[in-house]
Amino acid sequence: MRCDECKEKLVDYIEGLLPDQEAQQLKSHLGQCSQCRTELDQLTALGQRLTSDAKNRQSADVENRVVNRIICEQNKQLKEAAVKKRQPQLWRIIMKAKITKLAAAAVILIGVSLLFLFNSGSSGVVWADVVQRVQQVKSFGYQMQMQMSGEAMAGTAASPMTNMDFLVWMTADNRIKMEMSANGKPGSTTYLLPEQQKMIMVMPEMKQYMEMELNDESLSKMKQQSMDPKELVQQMIHARHQSIGKTTLDGVEVEGLETTDPAIANDVAEKVLARLWVDVKTGYPVQMDVNMDTNDGKTHIHYTIRNFQWSQDVDDAIFMPQIGKDYTAMPKMQMPKMDEQAAVEGLKKYTELTGKYPDSLNLMELSTGLQKAMQNNKAFDPNQYKGLSKDDIMKKTMEITMPLQAMGAFYMTLVQGKKDPAYYGATVAPGDAQQVLLRWKTSDATYKVIMGDLSTTEVSAEQLKQIEPAVQNPPQTQ
Amino acid sequence: MTQNDNYLIEQCLDGRPDEFRHLVSRYQPAVTAYLTSQLHNRSNTEDAVQETFVRAYFGLKELKKRESFSSWLLGIANRVAKEQARNRMPLADMEELAAQQTAEPNDSDDFQLQRAFAQLPDAYREIILLRFYANQSCQQIAQNLNMPLGSVTKTLSRAYAQLRQLLENQKAEENEVSQ
């Protein structure tokens with residue numbers, strides 16, 4: 001073997017990769033050639049030097065540190081994933097209960113009903129007659145279609161677009177029957193029976209019904225807030241409006257007016273366009289269209305009210321609840337009062353769930369804000385809802401929604417009643433006894449105040465000025 | 001050994017991070033040697049070594065060819081080194097380097113070898129890393145790098161030659177300085 005051949009094969013030789021015969025030849029060459037032997041020694045020494053350097057790099061510390069970092073990181077990721085996964089799931093459990101959807105619908109209805117309750121602006125001569133005419137009606141019926149789209153609201157998270165249909169009968173003594181269906185599926189029929197101080201909600205599809213007791217106070221509040229298009233007509237006409245001329249609707253000659261006055265949707269929407277069409281011959285309203293953007297423009301609601309039956313006498317039998325013999329009663333609910341106590345209870349409930357006060361007492365924002373805030377609240381344990389029966393989930397759901405609805409409804413009455421309410425939830429921390437959380441006028445010179453620690457007190461207008469935050473944080477008054 | 005890598009990777013993917021310890025132990029010298037050659041700075045290197053392994057762990061599901069774990073790992077180390085180099089202020093590096101040079105030399109550190117190693121072309125450095133620092137046989141390297149065995153030994157042979165040359169050059173320089 002020649003030296004150059006030998007040198008070329010040295011690495012293979014060291015690595016033990018040479019076939020036996022070649023290895024033998026190389027070995028015998030090495031025996032004779034000192035230069036190649038030196039070459040072999042140097043290569044072996046370099047290999048040993050590299051191996052020893054590698055050993056010096058070994059450190060058990062690195063292993064531990066890497067594994068610790070991995071475990072930390074993994075735990076963090078798991079926690080984040082669990083929070084992400086768990087909380088919407090909780091909300092899904094709550095929201096899967098059909099009753100919640102109905103409760104959410106009720107929230108919307110309470111909100112919508114507000115539209116009917118405003119008084120402002122100046123009235124036109126002809127339109128004033130319309131108001132008078134509809135107010136003389138003893139009972140009437142109408143159909144309402146409502147579409148909701150955009151960012152999901154509480155209770156409608158499942159579908160990007162919700163269609164609700166309502167068929168409503170009302171009497172002058174505030175008996176109401178409301179059939180509701182959502183996305184074409186039959187939902188519920190709700191009866192408001194003031195004489196029996198009851199509200200009954202029947203869900204034929206589930207063969208269930210629920211009774212809610214109403215006390216005098218909640219009844220009178222409900223009367224105030226009933227979804228009465230008569231009031232909407234009145235309000236439309238009294239708001240700043242403009243005539244949009246005459247046209248024909250379903251073969252009837254109608255005259256319309258339009259308003260974008262946000263007051264018409266106070267506490268419900270930021271942007272409103274409402275149109276009212278009145279039968280030119282009879283002077284009765286024929287159709288109403290309302291478009292509203294709410295929830296910072298993320299939710300769009302459109303509803304149409306039509307098929308009014310103004311002059312028809314409504315048969316009393318219509319208001320008899322239709323409860324099948326095989327229907328089961330759901331846990332009896334008590335309608336919470338819509339008063340100062342309700343506000344305190346609602347605020348307490350909200351902080352229990354979210355760890356903070358709601359930014360706004362607007363019902364719409366309450367329901368959307370609640371979901372987000374619950375997800376962000378680390379102290380809230382969704383496991384408490386695991387393994388509950390359907391009934392219990394409903395009960396829990398109602399325990400959450402009712403106080404909040406009552407609180408929102410109470411706040412609405414303050415706004416509607418022009419009680420000069422102001423709410424500071426966005427800046428006041430729970431438990432802060434020094435800060436005014438909510439206040440409203442109780443008489444010309446006095447205000448009721450709920451402080452950050454939920455204590456209540458009555459103060460004079462002068463005293464209020466001293467304890468209320470400075471004007472740089474304008475309060476929520478709408 | 002590659003078989004074993006495969007098994008350990010499987011365990012890690014099953015959510016047992018402690019099994020990753022064995023992979024760290026096996027490849028830490030190679031990753032450290034590589035990062036030292038790239039970063040020339042000890043504390044940076046230590047951080048980068050950890051970062052490389054942590055990223056590797058969380059990236060395991062993206063590793064397609066498990067028998068190439070070691071070269072994939074060196075690829076991650078390469079990216080980490082580049083990021084570190086980009087984010088580091090050169091001045092801070094210089095200061096640290098100066099501090100290191102004046103500090104007590106660590107007896108176990110073979111600075112000459114490390115310097116020479118850092119100057120090797122990538123292909124040679126990789127072979128050396130896998131052979132000596134990851135303790136792989138030439139057959140394993142061939143499989144790992146998808147190369148014929150003959151090419152591996154030839155490359156290793158050239159890597160040796162170049163490394164020796166670099167070490168000799170260093171020695172000559174040092175002699176010049178001391179004379």
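Residues are numbered from 1 along each chain as its sequence is written, and chains are lettered from A and ligands numbered from 1 in the order in which they are written. Because the model is predicted, local features need pLDDT of at least 70 and side-chain atom pairs count only at pLDDT 80 or more, while totals for chains, interfaces and linings use all residues, and side-chain values use heavy atoms, with hydrogens and water left out.

Let me begin with chain B. Helix 7 (residues 122–133) of chain B packs against helix 9 (residues 149–178) of chain B at an angle of about 105°, and their axes are 9 Å apart; helices here are DSSP runs of H or I with at least four residues, strands are E runs of at least two, and both are numbered from the N terminus. Axes are lines fitted to C-alpha atoms, for helices over the stretch in contact, with angles running from 0 to 180 degrees between N-to-C directions. The two helices are therefore roughly perpendicular to each other, a label given to angles of 65 to 115 degrees.

From helix 7 of chain B, the residues that meet helix 9 of chain B include B:Tyr124, B:Ile128 and B:Arg131, where contact means heavy atoms within 4.5 Å. Among the residues on the helix 9 side are B:Leu156, B:Arg158 and B:Tyr160.

The charged end of B:Arg131 also sits over the ring of B:Phe132, 5.3 Å from its centre; the criterion is NZ of Lys or CZ of Arg within 6 Å of the ring centre and within 35 degrees of the ring normal.

Turning to the rings, the whole structure holds nine aromatic pairs over all chains, counted for rings of Phe, Tyr and Trp (its six-membered ring) whose centres lie within 6.5 Å. In one of them, B:Phe20 and B:Phe53 are edge-to-face, 6.3 Å centre to centre with 75° between the planes, edge-to-face being over 60 degrees. B:Phe20 lies in helix 2 (residues 20–39) of chain B and B:Phe53 in helix 3 (residues 42–59) of chain B, 33 residues apart. Both are buried, that is, under 20% relative accessible area with a 1.4 Å probe and protein chains only.

Finally, chain A. A:Val272, in strand 9 (residues 271–279) of chain A, counts as buried at 7% relative accessibility. A:Lys349, in helix 9 (residues 340–354) of chain A, also counts as buried, at 18% relative accessibility.

Definitions and conventions
Parallel < 35°, antiparallel > 145°, perpendicular 65-115°, else oblique. Buried < 20%, exposed > 50% of the residue type's maximum accessible area, 1.4 Å probe, protein only. Phe/Tyr/Trp six-rings, centres within 6.5 Å; stacked < 30°, edge-to-face > 60°.
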